[in-house]
Amino acid sequence: MNQSPRSSLDVAYQQALAFLEGLPARTVASEKTYAELCGLLDTPDRETPSDPATVVAKLAAVADQGVVASAGGRYFGFVIGGSVPAAVAADWLTTIWDQNAMNATSSPFAAAVETVALKWLIELLHLPAHVSAGCVTGGQMANFTGLAAARHHVLGQAGWDVERRGLAGAPEVKVIVGGERHATIDRAVRYLGLGLDSVRVVPADRQGRMNVSALAELLDRLDGPTIVCAQEGNVNSGAFDPLEEICDAAARHDAWVHVDGAIGLWALASAEYRSLLRGYERADSWAADGHKLLNVPYDSGLIFCSHPDSHMASMRLQDLPYITRGAERSGSDWSPEMSRRARGVPIYAAVRSLGYSGIADIVDRCCALARRFADRLSAEEGIEVLNDVVFNQVLVRILDPDGDHDGRTRAVVAKIQQDGTCWMGGTVWQGRAAIRISVANWSTTTEDVDRSVDAIVRAARPAG
Ligand SMILES: *Cc1c(COP(=O)(O)O)cnc(C)c1O
């Protein structure tokens with residue numbers, strides 16, 4: 001058995017180049033179903049060793065039939081960013097180096113690159129210079145970490161040390177959310193033991209934005225420890241909650257404002273879009289996703305907090321005899337994990353290769369291309385755009401001559417996915433079926449959008 005890394009890595013390198021260079025010509029959807037792929041992968045020869053390079057080659061051969069081309073320019077499903085080349089390459093090396101990014105003792109390099117990458121992101125996003133930051137796996141854990149810091153802080157203000165005493169007997173914490181918040185907020189509330197009964201929902205408007213006067217009225221009726229969750233970048237419509245007004249209302253009640261900016265925090269990198277988040281600097285914590293508009297590979301989430309003491313108190317790993325602590329920043333004090341992948345490495349490479357101006361360009365370009373989708377589609381007979389396209393998201397509805405708009409829209413989604421020119425998913429937006437288009441890939445071109453519009457129009461044409 002040849003365990004030298006060269007033959008396996010040679011296969012991986014050739015496969016990687018063939019995949020990336022083949023992306024533009026590739027069908028965007030998977031060719032095989034999940035069940036077919038399980039069948040191909042669940043081979044009988046697994047009890048004895050296999051040649052490593054052959055294993056990699058065979059795995060890649062199955063992947064070729066089963067991966068979706070979300071790395072390419074015509075994938076518009078969910079909110080899936082691509083990966084810029086420097087970040088892809090740096091992420092490979094992250095695996096090769098296999099560092100434990102826990103702290104500066106386990107890996108001086110991983111700790112240093114994380115420190116510098118986070119410092120750059122704070123600068124890029126114009127966040128207050130004193131904020132603390134942590135690398136996590138995604139928006140879910142960023143929301144969890146932000147809300148953990150919030151829980152510590154608001155209970156601390158009420159004289160309760162939740163880290164020591166837990167929640168039994170604690171003052172009740174209320175978590176105020178908008179009607180169109182992301183599901184990961186609710187799950188973070190569950191993780192934190194606050195319970196879904198602590199969640200108070202403020203209605204959202206037709207774009208999905210929190211109604212601020214309803215928020216102010218609700219705050220007037222509540223007292224005690226309170227957290228307000230604003231959302232900047234709705235996963236369907238791309239809408240931004242009015243953050244300045246939310247911060248005003250929260251400030252009158254000493255409530256913590258957590259910003260779920262998984263998509264929209266990146267608007268702060270762009271001079272054109274920054275005003276969508278007016279007032280952002282007054283919030284208490286901000287979550288963002290590196291694997292969305294920053295275009296680093298999965299997985300990459302980020303949490304920033306303007307109360308480093310509360311952030312640290314909620315996450316700090318206690319002193320252990322086998323872990324020496326220096327004066328250096330210790331990444332495991334700012335995230336829920338101990339041993340961790342060096343997620344700072346691909347972030348560093350992405351920022352260094354794009355520059356702040358290149359990141360602004362990605363944001364600007366994705367938003368401009370989303371508007372191009374909306375302009376071209378709304379010019380078509382029988383196609384309606386449901387949202388104000390303020391950012392990178394477009395919601396489209398296909399009208400049916402017989403009035404079954406929901407059924408028709410769903411059928412067209414299925415046809416688009418089968419056609420393979422592009423991929424976009426379906427959703428239900430405020431009670432109506434819609435096609436979701438999310439432009440989040442650095443490599444998407446005008447031509448990609450135009451080809452995709454043509455594919456949608458083809459699929460929307462009445463049969464026969
Ligand atoms: C994507 C998203 C999340 C969840 O992020 P993950 O990276 O999938 O964990 C949370 N909130 C919003 C607004 C999102 O768009």
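Helix 12 (344-378) is among the elements that cover the buried residues of helix 4. Contact here means heavy atoms within 4.5 Å. Buried denotes under 20% relative accessible area, with a 1.4 Å probe and protein chains only. Helices are DSSP runs of H or I, at least four residues long, numbered from the N terminus.

The model is predicted: local features need pLDDT of at least 70, side-chain atom pairs count only at pLDDT 80 or more, and totals for chains, interfaces and linings use all residues. Residues are numbered from 1 along each chain as its sequence is written, and side-chain values use heavy atoms, with hydrogens and water left out.

Helix 4 comprises 13 residues, 85-97. The expected span is 1.5 Å times one less than the number of residues. Ala87, Ala90, Asp91 and Thr94 are the buried residues of helix 4. Viewed down the axis, they fall within an arc of 105 degrees, so they line one face of the helix. The arc is taken over directions from the helix axis to the C-beta atoms. An α-helix has 3.6 residues a turn, so residues three or four places apart point the same way. Asp98 follows helix 4 and has a positive phi, near 50 degrees.

The structure contains zero disulfides, a disulfide being a pair of cysteine sulfur atoms within 2.5 Å. For Cys229, the nearest cysteine sulfur is that of Cys247, 12 Å away. Cys229 is buried, at 4% relative accessibility. The sulfur of Cys367 is 6.8 Å from its closest counterpart, in Cys366, too far for a bond. Cys367 is also buried, at 1% relative accessibility.

Terms used:
Buried means under 20% relative accessible area, exposed over 50%, partly exposed in between (1.4 Å probe, protein chains only). Helices (H or I, at least four residues) and strands (E, at least two) are DSSP runs, numbered from the N terminus.
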